Amino acid sequence: MTRTPRHSGPAGPEEAEVLADVLRSPGYLRALVLSALIGIPVSLVAFWFLVVLHELEHLLWADVPDALGLGVPPWWWPFPLLAAAGLAVGLVAVRLPGAGGHVPASGLHTGGASAATLPGVLLAAAGLPLGAVLGPEAPLIALGGGLALALRALVRAPDTPQSTVLLGAAGAAAAVSAIFGNPLVAAVLLIEVAGVGGTRLFAVMLPALLSSGVGAVVFTGLGRWTGLATGDLSLELFAPFPRLDAADVCWAVVIGAALAAALRPVAAGARRVASYVSSRTVARTVLCALGAAACAALYALATGRSPADVASSGQGTLAALAVDPHAWGVGALIAVLLLKGAAYTLCLGSLRGGPVFPALFLGAAAGVLLAPLPGLGVVPAMAAGMAAAAAATLRLPVSSVVLVVLLLGSAAMMPVVILAAVVSFVVTELLKARPEGGGALRAAGGQPVST
C-alpha cells in the first residue's frame, strides 16, 4: 500500500500529499467503485443470513416447545441443542478451511476471510440459533469480507494487497451494518478493529463507509419489502430519558471500573477454554457447549424463567429487559449475571460467533441491578452498564460509545456512556495481564489477544 508517514494526522503537508496521491490513483478509484457495488450483493446475503438465524432461533426456542405443549422451554431444553452446536463447530474446526472463523475469545478481527473459508463460517454459525451465548457479528464480518474477495475474483479485478485490504473491509462493513442497523457503527467498528491511522485511516474508511451505506439502503428496503425480521439491534426503553445529574455521572465512573474488573475473569477464562479445546477439538467443544447448557438449565431451575435468558446471544432478552426491567427480581438478575457470564466464557473459548450482544446484555442487567443506588436511575445505569461492558469486552472504546448511543436512539445519555466506556477501557488495560494460550488460539483459527 502507499507509504504512510509516521505522524498520524493529515495536518502536515507531506501527509496531505500522500493522501491526495492515494485518492488520485486509478487502482484506488476502481476499488472505491467496486466497494460501492459490493455493498449490494453483500447486504442481500447478510439480510437472508440474519433472517435464517432469527427464524431458526424462534423456531427452536418458541415454536417447537409450544407445538409440543411445553410452552416455555423446559430446563433441560438447552442440552440437546447446545450439544448439536458443539458437535457442528468441533467438526468444522477440524475438517474445513478456516476452522469456521476465528475463536471469539481472541476478539473481533477483519483479516483472514476468503471464499474458501465461507462454507465453514456458515456451518459454524449454525450454533448461534442453537443457543450459543454469542452474537452474529463475527460471522458477518467473515462473510462480508469473504464475499467481497470472491466477487473480486468473479469480475477479474486485480488481486493486489491494497485491494484485498480495501475490499475486505468494505465487504465486512456492508455485512455488519445489517445487524447494527446503522452504517456509521459498522464503519467505526471496522476502522477501530483494524487499528488504522493516518493516511491509511482515510484510505480504508472511505470504501468501508461507502459500502456500508449502500448496504444499509438495500438492507432497509429489503426489510420493508419482505416484512421479515432480522433481529436488528434497537431498544425501546420503558421510560423517557431523564435529565442527568451529578450522581448519575459519578456512578457512571464507578460502574465503568466495577464492570471492567468483573469482566476480566470472563476474558481470562475464555482464553483458558480456547487453550483447553484446541488439543482435542470435537470432544472438548461438545463438553464446553454442554457446560453452557448446564448454566442455562441451572438458571431455569433456580428462577423459574426460560433457559433462553442464558442460552442465547441476549439480543432478544436485552430488548425485553429494556421494555420492562422491573419484571426481573434481584435474584433473577444476580443469577443471569453469574450463569450467563459463565456460559459466555465457555462459548467464547469453544464456539464461533461475536462477543458484542452478550456483553451488552450483561452490562444492561448489571445496570438494572445497580439502579437502586442513591441518586442513580434505571436508564442511566443501563446506558453506563452497556457502555462499560462493551468497552471492557471489545476493548474498542469509540465503537462502544457510538454503538450504545445509537442503540438508545438518543444522545441524552452520552455523558454517562462516554465516562463509563473510557473508565472501563482504562481499567481493563491497567488490569490486563499477558494472555495465556495465545498459540492455541492461533492454531484454532484465531489470533492471540495483543498485549
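## Helices α15 and α16

The crossing of α15 and α16 is right-handed (the near helix is turned clockwise from the far one by less than a right angle). Contact here means heavy atoms within 4.5 Å: Pro-397, Val-401, Val-404, Val-405 and Leu-408 of α15 touch Met-414, Val-417, Ile-418, Ala-421 and Phe-425 of α16. By class, that makes ten nonpolar, no polar and no charged residues, with Ala, Val, Leu, Ile, Met, Phe, Trp, Tyr, Cys and Pro counted as nonpolar, Asp, Glu, Lys and Arg as charged, and the others, Gly among them, as polar.

## About the model

This is a predicted model, in which local features need pLDDT of at least 70 and side-chain atom pairs count only at pLDDT 80 or more, while totals for chains, interfaces and linings use all residues. Residues are numbered from 1 along each chain as its sequence is written, and side-chain values use heavy atoms, leaving out hydrogens and water.

## Helices α14 and α15

On to α15's contact with α14 (residues 378-394): these two helices pack at about 145°, with axes 9 Å apart, and their crossing is right-handed. From α14, Ala-383, Met-386, Ala-387, Ala-390, Ala-391 and Leu-394 meet Ser-400, Val-404, Leu-407 and Leu-408 of α15. The residues of this contact divide into nine nonpolar, one polar and no charged.

## Ser-313 in its loop

Look for Ser-313 in the loop between α10 (281-303) and α11 (315-323). Ser-313 counts as buried because its relative accessibility is 8% (buried is under 20%, with a 1.4 Å probe and protein chains only). Its side chain reaches the backbone nitrogen of Gln-315 at 3.2 Å. Beyond neighbours within four places in sequence, Ser-313 has contacts including Ala-132, Lys-340 and Phe-357.

Conventions:
Helices (H or I, at least four residues) and strands (E, at least two) are DSSP runs, numbered from the N terminus. Buried means under 20% relative accessible area, exposed over 50%, partly exposed in between (1.4 Å probe, protein chains only). A polar contact is a pair of N or O atoms within 3.5 Å; within protein, one must be able to donate a hydrogen and the other to accept it, and residues adjacent in sequence count only if both atoms are side-chain atoms. Axes are lines fitted to C-alpha atoms, for helices over the stretch in contact, and angles run from 0 to 180 degrees between N-to-C directions.
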